[in-house]
Amino acid sequence: MSALTEPGVPGRVGESDSPLRRFLADFFESRVATAAFAVLLGIVFIALFAPWISPTNPYDLATVDILDNRLPPGSEGFTGQIFWLGTDGAGRDVLSAIFYGLRTSLAVGVMSGVIAMFIGSSIGLVAAYFGGRTDTLIMRVVDVQLSFPAILVALVLLALLGKGVDKIIIALVAVQWAYYARTVRASALVERSKEYVEAAACLALGHRRILFRHVLPNCLPPLIVVVTVQTAHAISLEATLSFLGIGLPITEPSLGLLIANGFEYMLSQKYWISIYPGIALLVTIVTINLVGDQLRDVLNPRLQR
Amino acid sequence: MGTDAPALKVENLETHFFTKAGVVKAVDGVGFSVERAQILGLVGESGSGKSVTGFSILGLVDPPGRVVGGRIEFMGEDIANADEARMQSLRGNRIAMIFQDPMMTLNPVLRIETQMVETVLAHRKVDRAAARARARDALGQVGIPSPDERLAAYPHQFSGGMRQRVAIAIALLNDPDLIIADEPTTALDVTIQAQILHEAQKLCRERGTAMIWITHDLTVIAGLADKVSVMYAGRIVEAGAIDDVLDHPVHPYTKGLIGSVPSRNKRGAPLYQIPGMTPALLNLAPGCAFRERCPRAAPACLEQPAPSEPVPGRSVRCFRPYVEAAS
Amino acid sequence: MSGSALVEIQGLSKRFVKTLDLAGKLANKLGSSIREETVHALDGVDMTVAKGEVVGLVGESGCGKSTLGRIVAGILAPSEGRILYDGRDVAALAPAEAKAVALKAQMIFQDPFASLNPRMRVRDIVGEAPLVHGLVTRGELESYVDEVLLRCGLDTSFKRRYPHQFSGGQRQRIGIARALAVRPDFIVCDEAVAALDVSIQAQILNLFIKLREELGLTYLFISHDLGVVEHISDRVYIMYLGRIVEMAVTEDLFAAPNHPYTKALLREVPRLETRHSDFLPVEGEIPSPLDPPRGCHFHPRCPHATRRCGEEAPTLREISPGRQSACHLNDGV
């Protein structure tokens with residue numbers, strides 16, 4: 001026996017109670033999600049303002065002293081500054097490197113996520129709305145795409161394209177658009193059969209207007225969830241590729257590259273060079289996923305009235 | 001078993017939902033009784049608390065809802081305060097429920113046979129063969145052709161009407177004393193609805209099963225029920241024998257409801273209509289809940305009217321009933 | 001009736017074909033027998049609706065009445081047959097004219113929750129189409145929306161709200177306002193009051209009656225509820241499994257139904273006046289439209305069925321002036 005919901009019981013609520021406001025109220029109900037969201041905001045802040053808040057610029061050769069190399073956390077450097085998280089093999093401040101690394105990692109993750117979302121959801125929308133052969137063709141391509149491991153496709157693409165931020169974004173978009181296409185198609189199929197879409201057709205509104213003004217906004221909830229989860233996925237994928245040395249160039253190190261740089265020192269007790277960037281990566285991905293989980297709960301159509 | 005005790009007697013039942021926004025008094029002082037072989041129609045619009053009443057009797061109200069007061073006597077036994085074990089031994093056995101959506105009862109991944117045999121075995125000490133025979137009989141009773149073959153089918157292999165019949169057959173399995181039916185024919189077509197009503201009626205007449213038929217549809221109740229209780233905003237506003245209530249309604253709400261049925265109006269002319277809409281039950285203001293829509297509302301209606309008997313055999317919650325119209 | 005027909009439907013058929021996808025075709029090559037499924041939702045339907053008339057269309061679920069409504073409202077395209085609007089074939093119109101005609105026929109839907117876009121404000125739901133089609137300018141829009149809302153009995157201060165903030169009856173009014181905003185002549189109501197409470201149902205029916213008087217609207221009123229149809233319609237069509245089985249002026253139909261299916265329907269519809277009745281239902285299920293019976297679709301459930309009924313489908317023909325029925329019994333066998 002399931003819970004019973006009597007229509008009319010909830011009672012009608014305040015004046016201009018927009019869907020957005022309801023959504024925000026629901027989202028911040030969970031303390032874990034609120035905390036995760038706050039941490040994520042902090043991470044985004046650090047990433048955005050890394051050049052201004054980092055203690056040093058780790059890539060400015062003038063400020064880096066090779067004599068400071070591999071200092072443990074909390075040590076005082078040659079010029080008197082304190083390295084709270086120690087330094088790496090080249091004498092760079094690990095804390096500053098993490099700040100800059102976050103900037104690169106997040107930028108790559110968000111950029112590829114957003115681009116993949118636009119491409120993927122447009123394709124999914126078209127597939128759902130027109131159906132038939134268009135739909136079959138698109139969805140078979142999606143199936144093929146999803147049947148290859150993402151890391152493998154990315155590896156092959158990067159081997160062909162070479163290194164660089166733009167290249168890795170292309171690779172990430174190529175492995176991720178299909179998730180968006182599938183998600184949007186599924187919810188667009190549900191929405192398309194609803195009476196309000198029939199009503200829009202009856203009002204002789206154009207295909208494009210129906211698609212983008214009526215169907216797409218109602219597909220947003222699952223899409224938002226996929227965007228968060230896939231952005232986290234993109235960040236970790238990029239870290240993996242960079243760790244393997246085929247992602248970003250050494251001049252623009254992301255968290256993955258920092259971990260790789262410190263890896264050779266792990267066995268010689270210089271744990272901090274790898275571990276702290278690793279923790280930063282972990283915290284970033286976990287908070288995004290926590291936010292994504294709460295979004296999933298809040299936007300779940302079964303809980304919506 | 002007590003012979004003169006009614007099958008079910010409910011007194012002053014209160015079921016409230018404690019939501020974040022406040023208390024919703026979904027059922028607020030409801031009382032009625034059903035004799036054996038009698039059909040009680042519980043009529044109300046959405047949000048009137050009629051379904052919650054049914055769930056409350058079965059002890060199936062989930063949080064944030066809770067039965068906060070009242071007495072429920074089933075065959076003379078107080079079950080309002082019975083423990084869960086006792087309720088489980090009654091549910092699906094002595095008391096059965098039929099829902100609007102038969103899939104509330106049916107498990108989509110199990111064969112009908114499995115579900116029906118389990119239901120029998122849960123309450124009776126018989127072997128599987130006997131349980132299966134009972135299941136087959138029950139399917140036959142509700143007019144399902146070739147019950148032996150249909151036992152092996154899955155719920156999705158039945159049409160909507162047939163599925164509802166299977167749900168009714170499951171309700172019948174253990175020969176219950178009371179069946180609570182919550183809008184069981186609302187989703188069905190006219191000819192299929194007539195078939196279901198036919199089965200319900202037969203059951204009641206032949207086996208003496210008492211029945212509570214919860215619906216929003218007065219016309220269904222008219223042909224089926226012996227007596228009727230009309231609910232509005234969590235309270236029973238008028239109750240009495242079916243003919244009396246439908247022919248001479250005394251409460252302004254009942255009168256309005258009956259008056260707005262199309263067949264009671266001149267063809268093509270505007271229908272009699274009750275103005276406004278049903279009130280939200282959240283933090284409902286005290287007093288008669290109908291007064292804002294009532295053509296006879298008076299200052300007295302700011303108080304909550306208690307049940308009175310303005311005409312013999314009729315219980316009405318109203319300060320200004322249409323009594324002169326009833327004589 | 002013939003001269004002033006607003007909508008005329010001729011030989012309308014609609015088939016829904018579930019084509020096989022690649023996997024299905026492959027499976028067939030390998031020897032399995034998955035068939036393409038064809039649902040004959042409508043099978044040669046003829047119907048006329050005169051200007052200013054309210055025509056009721058009654059049938060049970062799966063009989064094709066909603067499909068017919070959607071084709072007439074221009075949401076679905078027919079597989080066969082023609083629709084004449086004001087004497088002109090809708091399919092043969094130039095694009096600009098076709099759009100104008102499309103706006104003239106609007107639809108009110110059953111589900112007041114699914115029929116409004118949950119992410120649009122009432123103002124946009126009602127005002128979008130008139131603005132897009134240039135019926136009003138942006139400057140006039142606010143007052144135009146107000147006017148339409150007031151006509152439908154809605155408070156104009158609700159304009160900025162979203163659909164979830166309204167009750168079922170109010171939402172149905174918003175749906176009606178949306179349809180009226182493009183100034184239609186013809187409205188298809190598909191079970192438009194079925195999902196509403198009794199007291200709200202009366203309010204919406206009254207709104208339909210009022211709008212008809214004020215705006216001279218023509219309705220096709222699709223419903224399974226005979227009581228509602230009897231009240232509001234001038235003429236009634238009865239449908240069973242994709243075919244019209246009977247047509248008559250409302251009084252005649254309810255006084256003396258001709259077709260056995262109509263008789264069964266009328267006998268079984270619950271009424272306030274019938275008490276403690278013995279329900280004597282018609283036997284059997286409504287057959288699947290995937291595999292309708294041969295001959296007369298109703299013959300397996302018909303108490304008067306003969307051999308002929310199982311072999312030859314009766315045609316809908318005039319049995320007395322203004323009255324049509326499709327039953328072999330009328331041939332006096």
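Guide: Before we look at any helix pair, take the axis of a helix to be a line fitted to its C-alpha atoms over the stretch in contact, with the angle between two such lines running from 0 to 180 degrees between their N-to-C directions. Keep in mind, too, that this is a predicted model.

Visitor: At roughly what angle do the axes of α3(A) and helix α8 of chain A cross?

Guide: The axis of α3(A) and that of helix α8 (residues 207–243) of chain A cross at roughly 145° and come within 8 Å, and the crossing in which α3(A) passes α8(A) is right-handed. Among the residues that make this contact are A:Leu106, A:Met117 and A:Tyr129 of α3(A), together with A:Leu211, A:Val227 and A:Glu238 of α8(A). By class, the contact of α3(A) with α8(A) has 14 nonpolar, seven polar and one charged residues.

Visitor: How should I read the crossing of helix α3 and helix α6 of chain A, and at roughly what angle do their axes cross?

Guide: Helix α3 (residues 94–130) and helix α6 (residues 165–192) of chain A have axes that cross at roughly 35° and come within 5 Å, and here α3(A) passes α6(A) in a right-handed crossing. The residues in the contact of α3(A) with α6(A) divide into 24 nonpolar, six polar and three charged.

Visitor: How many helices and strands does chain A have?

Guide: Chain A has 10 helices and two strands, and reading along its sequence gives the pattern α-α-β-β-α-α-α-α-α-α-α-α. Of its 305 residues, 43% count as buried.

Visitor: Where in chain A does pLDDT stay under 50?

Guide: Where pLDDT is low, the predicted coordinates should not be read in detail. In chain A, pLDDT stays under 50 over residues 1–15, while the mean for the chain is 82 and 91% of its residues reach 70 or more.

Visitor: Which domains does the assignment give for chain B?

Guide: The assignment for chain B gives domain 1 (8–94 + 178–326) and domain 2 (102–173), and the C-alpha centres of these two domains of chain B lie 30 Å apart. Where they touch, 12 residues of domain 1 of chain B are in contact with 11 residues of domain 2 of chain B. Helix α7 (residues 190–207) of chain B gives the most to the domain 1 side, with five residues.

Visitor: How many residues does the contact take from chain C and from chain B?

Guide: That contact takes 35 residues from chain C and 39 residues from chain B. On the side of chain C that touches chain B, α7(C) gives the most, with eight residues, and by class this side has 17 nonpolar, 11 polar and seven charged residues.

Visitor: What should I notice about the backbone at B:Met75?

Guide: Most residues other than glycine have a negative phi, and most peptide bonds are trans. B:Met75 has a positive phi of about 50° although it is not a glycine, and its place is in the loop between β4 and β5 (77–78) of chain B. C:Arg183 has a positive phi as well, near 55°, in the loop between α6 (168–180) and β7 (186–190) of chain C.

Visitor: Is B:Met75 buried or exposed?

Guide: B:Met75 counts as buried because it has 20 C-beta neighbours inside 10 Å, whereas C:Arg183, with 14 other C-beta atoms within 10 Å, is partly exposed.

Visitor: Where is the peptide bond that is cis, with omega near 10°?

Guide: The cis bond runs from B:Pro63 to B:Pro64, and B:Pro64 is found in the loop between α1 (50–57) and β4 (65–74) of chain B.

Note on methods: Residues are numbered from 1 along each chain as its sequence is written. Chains are lettered from A and ligands numbered from 1 in the order in which they are written. This is a predicted model: local features need pLDDT of at least 70, side-chain atom pairs count only at pLDDT 80 or more; totals for chains, interfaces and linings use all residues. pLDDT is the predictor's confidence in each residue, from 0 to 100. Two residues are in contact if their C-beta atoms, placed from the backbone, lie within 7 Å. Helices (H or I, at least four residues) and strands (E, at least two) are DSSP runs, numbered from the N terminus. A residue is buried if 20 or more other C-beta atoms lie within 10 Å of its own, exposed if 12 or fewer, and partly exposed in between; C-beta atoms are placed from the backbone. Ala, Val, Leu, Ile, Met, Phe, Trp, Tyr, Cys and Pro count as nonpolar, Asp, Glu, Lys and Arg as charged, and the others, Gly among them, as polar. Domain bounds come from an automatic or database domain assignment. A crossing is left-handed if the near helix is turned anticlockwise from the far one by less than a right angle, and right-handed if clockwise.
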